[in-house]
Amino acid sequence: MFLLRWLFVTFMSSFVLADVNDAVDRLIAALPGQVQTNDIPPPYNTRFDEANGYDPAAMVYVSSAEDIIIALKICYEEDTPVALRSNGGHSYIGQSTVNGGVIINFSELKSFDVTYDDDGRYVAKMGSGLMLLEVYSRLARHDPPLGLAAGSGSSVGLAGLTSGGGHGLSSAMYGVTSDRIVAAEVVVYNRENGRFELVTATGYNEYSDLLFAVRGGMGGNYGALVSLSYDAFPVTNVVIISGKNFDSNPSLQAQRIKAFQEFMHSDAAGPEIFGIGKFLGGGGIQYSAQCICDDVTGDCTVCHSKLDAMQAAVGLANPLRVEQDFGKAMWYWADCTSDSWMDFYPSDGVANCSEEDLQDAMEKCWSFDRDVYGGPYKAKSIYFPKDMSIETLEYLAQASVDPVCQNAGDCVMLLDFYGHAMSEEPEDCDPSAGKCTSFDHRTPGWHLQMLAIWDKDEPTPTDKLAWIQQTYDSVFPVSLGEAFQNYIDSDLAEGREWISQYFPNADTYPRLQQVKCRYNGIDMFNFAAIDLMTIDIDDDICGVDTTTTTEVPTTTTTEVPTTSTTEVPTTSTTEVPTTTTTEVPTTTTTEVPTTTTTEVPTTTTTEVPTTTTTEVPTTTTTEAPTTTTTEVPTTTTTEVPTTTTTEVPTTTTTEVPTTTTTEVPTTTTTEVRTTTTTRVSTTKTSSPSNDCEEADRKCSQGYSGSFCMTYKLPTVCWGSDEPCSCDNIPASTTVPATAGGCYEEDLRCASLKDNSYCKYWSSPSNCWGTNELCSCQ
């Protein structure tokens, strides 16, 4: 029965706008005054607002576990898709909103209590609707003041942050946020009695597997978080330092960031310091760091000495340096003090001000945060080892001066420190099942977050999306091959590529699947827009029938074609239209790569904004793997799913709605991501007669993917500027014969911007780093 129900919901909700009125009516009756059906607040990232096709039917404001159970029971019984929103809705892929469904909003769950337990710990039990600024302020009002190792976003929800791991300016000493979670209250689905219920998970009780999943295993998969208990640490004072450099020379900026990185991983820094290096649009860089002072006396002498050394190492002339208490520093990082940006900090301090004054100040800070930062953006994430090469840093510096990154806020690349306590897996659980957290990123190094940002009323900028994809593709091959699940990226949905990047430990993902089977075997919080980004379960994995609550049609703004490949068993007699790509596990059409590029322009001349190259450093292929799917049996059964599809050996049953993959848009799935830029050496032939072959080989020995840039004067290796020579410009490159005539134009471009040259291959041709047009003809 479960299987038939799942098939029906999966297909019907894909094509027919589900009628959720019954669910909404029941919710209004069961939770009077708690259901909103008009003017539903959009999520923080407005790429997923109503203007972009996300129009929820209702939002339910819950204030207790009982409310959550009532809401989930009704939505489940009415086959209504559900999204969970801890508060502001910061998900990078729109997990906190659902088109045509119901959002359960946890913003009323703001309980806060601190106990001093028998182990000498200050355990803060906090409602899942609390935002970070609120948590920091509540902890600061405790005696003694306490701290949380988390991020700087004032309106980021505690529950969502923790579910993905979380890290911030105290993490070098106190670990990632999820490391210090000791208990969680969660509403789950008990498949044995068929009911939603509240359980409390710890590291040692019968629900320890659930706590393992909560600590970094991605939210919206296992249940609805009601509260989290955190092992808070006593705090006193900190010293913050921040400085910028707007030198537009990418090579020098890369060297400065390199010096910053070397200091941060040296003994001179130590776990007291957490630091961030940023490449800003337009060529600027910024350093930010925080040093934790003595946790008993509050003396900051050691911190000032450490920051003196950092300042000397990176050459900061006149940075801002402020010594203040820990609580106020958290407001500083939120840009809500006079030293950072807007002064909303209570005049009496958060520890001493009235509750009314505190609430008023927080509301102002949150409003400012949403007005300034709460707009549309696209982000990507990569982890790097601690010794990032100067060539990689130069590439990032050069990317920051691409013409699409004219302003500091257009394109931002943040390098967050990773080391010390962040690299240590906690041991506060029963070890028999394995490690205690599902957060796998423990290699000392750096986390890179790339952001492309645009105005709320601006159409989605394809050039910025191309820039971020280009930059990502260029540096990923020299990374650790891992990504941060809190910065969830729908570009990794195809083939669930994200599994190996978010959970590189081979044991973690299978454990998470079993946890989901046990506590959410009905896949309650899954819907079409995020289906491929959720922990995958099925009958074989769980050992029991699973049902799926699937969303009504959803218009998404993700940079992926919206065709979905839902794996569906092939035993149903439900007749539905065949306008989606439905994958039958036993057919030869499984996993057709129908979505390859994420709104990246498919021109093969995407430029790399560097002064030394026009190529993605590691791309050596000459042709994108263009799967034309000539073997895909997609040309039968146009609309009536009763004709058997060719080459589907197991589907002889008539009216099987999943045996047809009609209208599968796979005719031109050219992997643009793998062929991003124009080189020059990416199109060379393998002929021994190629005059540049030996020069390219020597260049690539110094830096993977390098080649001899014959179009530069003098000719040098990409990425190292080592001299190289070809007997002549080979005809096998993409450099036109007129490239040699670029010398005068290169000089003119260089007079406009240091190290600039004429990008003759662009259309239109322009001087690198500027919008000045140029021509070599």
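The paragraphs below lead from a hairpin to the nonpolar cores, then to a helix residue and the disulfides.

The model is predicted; local features require a pLDDT of at least 70 and side-chain atom pairs count only at pLDDT 80 or more, whereas totals for chains, interfaces and linings use all residues. Residues are numbered from 1 along each chain as its sequence is written, and side-chain values rest on heavy atoms, with hydrogens and water left out.

Helices (H or I, at least four residues) and strands (E, at least two) are DSSP runs, numbered from the N terminus. Strand E8 (residues 181-190) and strand E9 (residues 195-202) pair in the antiparallel sense over eight bridges; two strands pair if DSSP finds at least two bridges between them. Within this pairing, Val187 has Leu198 in E9 as its bridge partner. Four residues separate E8 and E9 in the hairpin, and Gly194 in the turn adopts a positive phi of about 65°.

The nonpolar interior comes next. In soluble globular proteins, nonpolar side chains tend to be buried together. A nonpolar core is here a set of buried Ala, Val, Leu, Ile, Met, Phe, Trp, Tyr and Cys residues joined through side-chain atoms within 4.5 Å; buried means under 20% relative accessible area, exposed over 50%, and partly exposed in between (1.4 Å probe, protein chains only). The largest such core comprises 132 residues, and those with the most contacts inside it are Leu148, Leu210, Phe279, Leu448, Trp467, Trp498 and Tyr502. Strand E16 (residues 411-418) gives the most to this core, namely seven residues. Because domain 1 (1-105) and domain 2 (237-325 + 374-498) both give residues to this core, it lies between them; the domain bounds come from an automatic or database domain assignment.

Leu210 can be examined individually. Apart from neighbours within four places in sequence, Leu210 is in contact (heavy atoms within 4.5 Å) with Val186, Val188, Val199, Ala201, Tyr222, Val515 and Tyr519. There is also a second, separate core of 29 residues, including Ala71, Tyr76, Val82 and Val226.

Leaving out residues up to four places away in sequence, Ser163 touches Val214, Gly216, Gly217, Met218, Gly219 and Leu225.

How many disulfides does a search of the whole structure find? It finds six, a disulfide being a pair of cysteine sulfur atoms within 2.5 Å. One of them joins Cys336 to Cys365, with an S to S distance of 2.0 Å, and this link is right-handed, with 90° about the S-S bond. Cys336 lies in the loop between helix H10 (326-333) and helix H11 (355-373), and Cys365 in helix H11, so the pair ties together parts that are 29 residues apart in sequence. Cys336 is buried at 0% relative accessibility, and Cys365 is buried at 0%.

Cys405 and Cys411 form a disulfide with sulfur atoms 2.0 Å apart. The torsion about their S-S bond is about -85°, so this disulfide is left-handed; Cys405 and Cys411 are both buried. Cys429 and Cys436 likewise form a disulfide, their sulfur atoms 2.0 Å apart, and their link is left-handed, with -85° about the S-S bond. Cys429 counts as buried at 10% relative accessibility, and Cys436 at 6%.
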